[in-house]
Amino acid sequence: MLKVGLTGGIAAGKTVVGEMFVALGAHLVRADRIAHGLMRPGQAVYDEVVRHFGREILNPDGTIIRAKLAEAAFGMVAEGTRGSRIDELNRIVHPVVIRRQEEWMHAIGMQDRKAVAMVEAALILEAGAGNRFDRLIVVTCNQEQRASRFAARQKIDLETARKEVLRRMAAQLPDEEKIKAADCIIDNSGSLENTGEQVRQVWEKLRVEAAG
């Protein structure tokens, strides 16, 4: 089995690229979905997040308001301590997410020794998890496309999106650093057809390596 990490900065298009790989035969799990499950009431991660960030991030039914948690993590940082709150959140969530990813990849490998097991996660390198994968794919795009995609996804205006993208990217490694660690790079700045062709080329290499 081949373990593959799929990463990239905010709104680079990781999910679209991941779906393309799945269509070609890859098994894929999204770290974001694992994290969402861990933040449901009754989970130990949920309890820790509420303890650290307060009940102000909760709906009346006790579920976490993701927008409020994001604001607490990205927006409540004093000058000179940039990233301290997001680091606090990551220290709670990342170890458990990584453990669940490892369990998932092990299960895939037990089912199919020639599988390509892919984990889509924004913070693979930031979490120090890069060495857990056989191959690392980094998805990139230009800054204006990030803002445009984020604006559409969050249903906000473009200028607000630009500021929010910059704020969130400050808590991530720059693309230049991610590219240095990458085995494969997919530039998602062009058309979907162009991205798809890059994905197909990468897939052929992954498939052959997994089969070998």
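**Exercise 1.** In this predicted model, determine which parts of the chain are tied together by the salt bridge between R66 and D32, and how exposed each partner is.

*Solution.* Begin with the distance: the closest N and O atoms of R66 and D32 are 3.7 Å apart, which falls within the 4 Å cut-off for a salt bridge. Finally, consider accessibility: R66, with a relative accessible area of 53%, is exposed, whereas D32, at 42%, is partly exposed.

**Exercise 2.** Describe the pairing of R85 with E88, and state whether these residues are buried or exposed.

*Solution.* The two side chains form a salt bridge with an N to O distance of 2.8 Å. Both residues lie in helix α5 (residues 84-111), where R85 and E88 are three residues apart and thus separated by about one helical turn. As for accessibility, both R85 and E88 are buried.

**Exercise 3.** Locate the partners of the salt bridge between E126 and K178, and work out the accessibility of each.

*Solution.* The N to O distance in this salt bridge is 3.3 Å. Because E126 sits in the loop between β3 (116-120) and β4 (135-140) while K178 sits in helix α8 (residues 175-181), the pair ties together parts that are 52 residues apart in sequence. E126 has a relative accessible area of 26% and is partly exposed, whereas K178, at 0%, is buried.

**Exercise 4.** Identify the network that joins E71 to other residues, and give the count of salt bridges.

*Solution.* Through salt bridges that share partners, E71, E164, R167 and R168 are joined into one network. The count for the model comes to 18 salt bridges.

Technical notes. Residues numbered from 1 in each chain as written. Predicted model: local features only at pLDDT ≥ 70, side-chain atom pairs only at ≥ 80, totals over all residues. Heavy atoms only, no water. Helix = DSSP H or I, 4+ residues; strand = E, 2+ residues; numbered from the N terminus. Buried < 20%, exposed > 50% of the residue type's maximum accessible area, 1.4 Å probe, protein only.
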